[in-house]
Amino acid sequence: MLLLAASLGIHLPGIGPSLLALALVVNHLFILSFFNGPYNGGADRMSLLVLLCLTCTFNLSNPAWQELAFGYLGIQLLLSYLIAGWVKIKNPDWRSGKALRDVFLFSAYPAGENIRKWADRPRILFGAGWAVMIFELAFPLTFLSAPTLIAGLAIAALFHGANACLFGLNRFFWIWICAYPSILWLQERVMTAAVRPPLG
């Protein structure tokens, strides 16, 4: 929740977003050193990226550098979906549906034993796997307008919510949502610049 407050620039009683973001970076680095690196994979990496970009956004004195830091976070969020889709679609196990079936069947992730029964529904998992890959690969197209971006982020939030419920990956849900303000801001900034009439 503190990270979400920092990403939205909310002032908490007695502490501004610049100090809050800096304190969260120090805390996160302490946790990473305690566990000898990112113990939760992509969620920890994204957490550190969000924190570092927000710390720069709130603490740099030059507005251009602040915008660059916040925009960089938005670009990384967009790329996170695109690259995840690209990695999956190159993998024959994802294309055949086997990868998702194996996640339900063998991994330690499912939140309950009753969820493992989904492994017995290969057609549904095949379709779900392809839906995820197509969505992730197409996500950059949502950047073309504010309504499509909002719709894309809502679908992505539902995807992360499903992963939290089915696999217990709740940290992915929160950290990706914390990065959403950056891509919304970036999209508005890019579209405003694109329609601005040329000088002269």
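Predicted model: local features only at pLDDT ≥ 70, side-chain atom pairs only at ≥ 80, totals over all residues.

Me: Which residues of α7 are buried?

Reply: The buried residues of α7 are Leu125, Gly129, Val132, Met133, Phe135 and Glu136. Seen down the axis of α7, these residues fall within an arc of 165°, so they line one face of the helix. The general idea is that an α-helix has 3.6 residues a turn, so residues three or four places apart point the same way.

Me: What do the buried residues of α7 pack against?

Reply: They pack against α4 (63-90), α5 (92-96), α6 and α8 (146-167).

Me: At what angle do α6 and α7 pack?

Reply: The angle is about 115°, and the axes of α6 and α7 are 8 Å apart. The crossing of these two helices is right-handed. At the contact, Leu100, Arg101 and Phe104 in α6 meet Leu125, Ala128 and Gly129 in α7. The residues of this contact divide into 4 nonpolar, 1 polar and 1 charged.

Me: Is Ala99 buried or exposed?

Reply: Burial is judged by relative accessible area, with under 20% counted as buried. Ala99, which lies in helix α6 (residues 98-106), has a value of 13% and is therefore buried. Leaving aside residues up to four places away in sequence, Ala99 touches Asp93 and Trp94. Ala99 and Lys88 are 11 residues apart in sequence, and their C-alpha atoms are 9.2 Å apart in space.

Methods. Residues numbered from 1 in each chain as written. Heavy atoms only, no water. Helix = DSSP H or I, 4+ residues; strand = E, 2+ residues; numbered from the N terminus. Buried < 20%, exposed > 50% of the residue type's maximum accessible area, 1.4 Å probe, protein only. Contact = heavy atoms within 4.5 Å. Arc of directions from axis to C-beta. Axes fitted to C-alpha atoms, helices over the stretch in contact; angles between N-to-C directions. Left-handed = near helix turned anticlockwise from the far one by under 90°. Nonpolar A, V, L, I, M, F, W, Y, C, P; charged D, E, K, R; others polar.
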